[in-house]
Every structure is written in structure tokens, then in C-alpha cells.
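Work through the exercises below with the sequence and the model at hand. Each task is followed by a stepwise solution.

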Amino acid sequence: MATASPAPGALSPHAKLVGNGHLTNGTPSTSTERIQIVDDEKKFTPNLASQIEQWGLRDAGFNYNVVAVFGSQSTGKSTLLNRLFGTTFDVMDETKRQQTTKGIWMCRGKDMNVLVMDVEGTDGRERGEDQDFERKSALFSLASSEILIVNLWEHQVGLYQGANMGLLKTVFEVNLGLFGKKTQDGTNGRTLLLFVIRDHIGVTPLANLQATLTSDLTRIWESLAKPAELKDRQLSDYFDLAFTALPHKILSADKFEAEVQTLRRRFVNKTSEDYLFKPAYHKRIPADGVAFYMEGIWEQVQTNKDLDLPTQQELLAQFRCDEISAVALAEFNEQAKSQRRPVESGKVVEGLGALMRNWRTDALTRYDRDASRYHKGVYGRKRADLIASLDSTLSSLFLGQLKNLHKLCLVTFKKEMLDGLHGETYDFANVVSKAQARCEKTFSDGAKEALVDGTDWVWEDELELLKEEVRAVADQCRKDETKKMLNLIERNFKKHISEPVELALNKANSEMWDDILRTFRETLNKAETTYSTKAKSFNCTDEENVTSLAALRKRAWLALRAKIDEQTTDPVILGKLRGHFEERFRYDEHGVPRVWKPEDDIDSAFKKAKDETLELVPLYSKISPVDSSLEYTLPSETTDALSTEEFDFPSTLVVFTETKALELTNKFRRDADAYYVEAKRSTVASIAQIPYWMYGVLVVLGWNEAMAVLFNPVYFAVLLIALASAYAIIQLGLVGPLLQVTRTVGNELQRQVTNRLRDHFSQAALAEPVQARSHSVEDDDDDDLRRRPT
């Protein structure tokens, strides 16, 4: 009994199955019921969620898979799905070559958690030139399924339209734009394209067919108009490819059934290495949300305008406009090529803006002349594309010209500024402002000349960058000039303070540090005035002036300390102490040298001179003026940008430490004692005279020996040689060197004898060392003189 067909997408209330556009009899199990999810009017069914629940998959979670089929009409797609998954899709009556499946149908695989979609075939005579549904259904299947079975005849391989390559290109392109961004991480966006080649007779090996299809797909993918952020994406980033072949269903029925069963096992056997439902293909949508997920995809597909088919007039216009645009663009590129190399090499091309404007105008004029008679919409779109291509090429030249102008202006600014800073009377601020104004004007004029009308290019941003760099260069130059000025002022300060400090330290009186600090303040004030006068033309900020003046004060103080350190080294300070002591010990109050006599009070004079001299050591050891108003202080933190060392001002007031003062005192005492001994010896020499009668005794006692020498030729000759040698040595000034050589030989002989004796006596290990008290000759003489009555 025939019944009326229910509404598209609706289920029969008596559970009778609605065929793919036809009525069927029988009551199969609910697990194989099918439902039309998209009808031929492009409407999505509201009953998919309830049907999934009837199939028993609502609570399956992620334990399900989705597969769809794609291919030309009447190629056995429904038959293949029924054989592979046990579905109940209607198949074509082979006696009537007509459409069987209308819209998109879904059925659960028999004894499998697989949702199978049977999609209306492409290139059907029923729809004619209306390919809109073909594109949308193909895109929907590709976006929602894990595996898309591409069903095609062997003889269609290598054909563009026959193998649906044009449709696949559009689907790929739109799929990339709609869903490609969501799947860049590769976690759940991959899809397996399983190409099933039907009626394979074996003449062409499957490997060759696979290579042809792979090559076609790769070429199609490379020709896609990809979004900018996805332009580097490859086909393999989104799709895996698999290929299989099936013999002729009628001529090789047994082989066909065997190959189908083999392919079925790849869908069923999860332990097989070639199992097709890999986790990477799963969309990770729970089964209870599949209906909403697919409905959302269909809405996106429906609202996408890229799937609208152009008319034949538009197709012709696209073809011709592309040709005309390509010719115009080729001529334009040839013209632009002549100036690309100079710009890339860093050269500023004179008149580049005029050249670019002429090239652009010529290209657009040629395009308008030949393409304006075609479809206005296509003409306008292609013209906009041409303009974008022209502007893209010109933009790189424009930006390169700006960069080259930037560099040239910056170099010119540096040169002009440095040339203007020569001499002593330049005004830094004036030099910088003039150079900066010329630099900015040169850049602005060059940038405006390079600008092409009708573009959205801007050069003001590059000008701002140039201004920032110019300011940075000027600031750095100002800092360098400030440092040079500070160094010059520091050198002049050292020159002016050197002599007064040296004179004050040589005076060695209680007001020594007062004189030094007074001179230091006066010289520093002049230096600060000099800096303030010169810094006015540098446009320095108040903060920079404060920092520079603080650095100048610190440097001035360190220069003073360096001069003080130079005048208070051990040899110099000991010389000053000896000089001070000699003035008071060896000279009287009138400055006349003293000749000591036995009756003079040498001890009192020595003690007075030594005590007065030792009083100078504490005076020299610390910078401490008598007048507290002359005291000078500085902050201890580092304020000089040229110095990274820590600065501790209180420590700079100490010239030498107490340990050093004690060491200097001991050294001076030894020197003073030597002067004392010398004075004592001079008194002994004045009273120690040889009696006159002793000369007579020497003559009497030595007469015979003198005669023996005079009358003995040998002795006389030796005496003459000795006298001649002594005369020659005295005349040649060799007395000192001979004494030095003699002393050196004597010291070396003494050292050798001492070492030999030490080695000899060191062998007596049991011998107890005997301590002996020794006195220096100088100490014995000193004791003897002190015991001698005056």
C-alpha cells in the first residue's frame, strides 16, 4: 500500500523508513533507520538529535565516528555505503539512469557506532547549472566528517571536472577560510580523504593513479586564495590522503565483494595497522551535541558568499580581466625593476615618486582601455586587485626610499653638526637647531615627492622616528661635548692649583690646610663659573647641570687629593721632614750654618729640632683647616657618569693613616739620629790632633825602610808605577768606580765565606746555638761619644 511521503527530514510515525526521496516498505531495526538531515531545499532537519537518541548513540560520548561520501551522481555511492556499513540508503535502478539521493541523508552503520552520510551526487542533470547545493553539501560533508570518501571512476582520474577537482578547489578554499583558523594546532582539525577508485581494471597501477590524484590535489591547494595568516599552510596540515581501488561490480562481482569486505575491515577492526578512524580525525564533539554542531556548520556554509556560482558572463569577464591585468602588471613590473636594485642597495633615487606615479597611471590606463567593456562588477573587482598588486610593489619602493632618506638625512645631520662644533666660539644649541631643521626639511620634501596619489601611504611615522634618532644623536653629542668641556675645565683646574698646593705643603705650618682649601675654593668657583657660562648654549636641563656640577666638584676634589698624594709620598714627605729638621738643627736662628764645638749643647738643639719636626707628621696626616668655615664636604655617592667606583668623601680627608704616620716617624728618627752622630763626630775631629814630635819619630824609625825602597831598583820601580797609576786614576776620575768595584768584590767574598761557614756549622745538629750580642759601629761610636765628657 502506497503512502504519502512525509515532510523532508521527518520520521514516519509508523517507523516506516523514508527512502532517499522514495517510499520503502518494511520495518528494519531502529539502528539502521535513516534520516534526511538536509533536504533538497537546503533546510536542516530539527529531528537529528532525537534520531541519534533512537539510534542509541546519545550517551556514547566520544565513542562514535562520522563518515561521508562525495562524488558524481550515479557512481554507486549509496551502494558502496550499504556494502561497507550495512546502511539502508536507496540505490539507483540501473535500468534508469536518474538521481536517487536528494539532499543529505544520514544512517547509523549496522552494529557500529558510525554515523554515515550519503550526499547528493554532483553534476546531476536534475540541477543543471545550479551548482550551489553541490558546493555547500560538499563543504558541509568535509567540515563535519572524520573521513570523506571520494568516490570516482578510474577513467575520471586525471580529469579536472570529471574528478570534481574544480569543486574540491572551491570547497578547500572556503573550508580554509571558515574553519582553517580553528584547527591550526592540528589537534582535532584533520580529515582523511579516502579516494575509492571504482571499476579498476588494473591496467594502470593504483600507485600511478594515486600519484596523479596527489599531484592534482597539491596543485589545487597551491593555487588557493589563502588568508594572509594561513598562506604558508600545506594540504598535509589539514588532510591525510588514502587510496584504494575496487574492481567492476558486475564484471568482477566476486573480486568486488572481496575488496569491499577488505575495505570494511579497515573501518571496523581497531587493532589493524591500517585502521581508518584514527583519534586525530575525531572532532571531539560529544554524541549528544553532534546535531547542534552539524546545524551550526550548515548555517555557516549557507551564509558564506564564496560558494555562489558566477554566471557565464562573469566567467568570461574574470578570464579576460585576469589576462589584461596580467599584461599590464607585467609591463609595470618591468618598469619598476629598473629602480628596485638602487633602492635596495640603499640609494636615494631622485624623482622616484614621479616615476612611480607614471608607472601606475600607465598600467591602470591600459587595463581600463581593454577591460572596461566587460562585466562591470568583475571589472571593478579585478581593477581593485590590480591596484592592490601595483600598490604592493610600489609600497616596497616607497618604504625603501623612506628608509634611505632616513639614513641619508641622519648621516648629513651628524656631519653638519660635527662641522659646526669646530672652534671655540660656537653656539651648540644654534648649530643643532639649524642642522635639525635642514634634516627634517630634506626628509619631508623627499617623502612628499615619493608619495603616490590614491594610496593610503604615510611618511609621518618615519619622520617621527627620524626626529627621535636626531634628538638621540644631539643628546649624545651634547653629553660628549659636556664631558669634553668638563675634562678641559679639570685640566685647567689642575694647572692652576698645582703650584699653590705645592708651596703651601712646603711651608708646613699650622695654617697650611687653610691656605690650600682657600685656594681650592677660589679655583673651583672660577671653574664652575666657566662651566655655567659655556653650558648655556648646550640646552642642558637643570638636572643635567646639577649632575655635571656635582661631577666637576668631585673631580676637582680628587685632583686636589692627587696633588696632595703626589707631595706626600714616602720619599717626598721624608725629604720635607729632613729639610725642616736641618733648618732648625744645622742652621742657627739667622740661617748661618753651624760648626759644632765641644762646648755647644748639641743634645738640646737636637731634641728641639726633632720635636718640632715630629709635630708636622699629625699636621700632614689629615686635611683639617684651623678655620672651620674653610672645611669642604661632598656627598659620598657617585655623581660622575665617567666613574663607576664608589666614592667615600670622609676617607679622602685622611692623607695617611696612623700606621703610616708611625712608620714615617720611625724613619725620620733614624735619619735624625744620623745627623746627631755626624754632629758629635765633628766635635771629636776638632779636638783629636796628632802631636808634632810624632812626625819626627816616624821619620827616624822609617828612615832605613825609605832608603831601602829608594836604592832598590825593584821597589823604586814599583813605587813609581803605583804613583803614576794613582795620578792617572785621580785625573780620570776613577777613584769612585774603583772603590765601588772593590766594595762589591769584598761584599761578594764576605757572602761566600759566610755561606761556607753557615753550611759547615749547620751540620752540628746537637750543638746548642750561642747567642752573641753585636753592636753596630755606629752605635758603639754613639755610646762612646755620649760617655765622653764635654
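**Conventions.** This is a predicted model, in which local features need pLDDT of at least 70, side-chain atom pairs count only at pLDDT 80 or more, and totals for chains, interfaces and linings use all residues. Residues are numbered from 1 along each chain as its sequence is written, and side-chain values use heavy atoms, with hydrogens and water left out.

**Exercise 1.** Determine which parts of the model should not be read in detail.

Solution. Start with pLDDT, the predictor's confidence in each residue, from 0 to 100. The protein averages 80, and 83% of the residues score at least 70. Next, find the stretches below 50: residues 1-29 fall there, with 45 contacts beyond near neighbours in sequence (contact: heavy atoms within 4.5 Å). Residues 765-790 are also below 50, and have 13 such contacts. Where pLDDT is low, the predicted coordinates should not be read in detail.

**Exercise 2.** Locate Ser74 and Thr75, and decide whether each is buried or exposed.

Solution. Begin with the record: an unreviewed UniProt entry lists Gly71, Ser72, Gln73, Ser74, Thr75, Gly76, Lys77 and Ser78 under "binding site". Its positions are given in the numbering used here, feature names are shortened, and annotations may be inferred rather than shown by experiment. Ser74 sits in the loop between β2 (65-71) and α2 (77-85), and Thr75 is in that loop between β2 and α2 as well. Helices (H or I, at least four residues) and strands (E, at least two) are DSSP runs, numbered from the N terminus. Now apply the accessibility cut-offs: buried is under 20% relative accessible area, exposed over 50%, partly exposed in between (1.4 Å probe, protein chains only). Ser74 is buried because its relative accessible area is 18%. Thr75, at 2%, is therefore buried too. Beyond four places in sequence, Thr75 touches Asn151, Trp153 and Arg198.

**Exercise 3.** Find the side chain of opposite charge that is nearest to Lys77, and state how far away it is.

Solution. Lys77 belongs to helix α2. Lys and Arg count as positive, Asp and Glu as negative; His and the chain ends are not counted. The nearest opposite charge is Asp118, 5.6 Å away, and the buried Lys77 has no salt bridge (a side-chain nitrogen of Lys or Arg within 4 Å of a carboxyl oxygen of Asp or Glu). Outside four places in sequence, the contacts of Lys77 include Asp118, Asn151 and Arg198.
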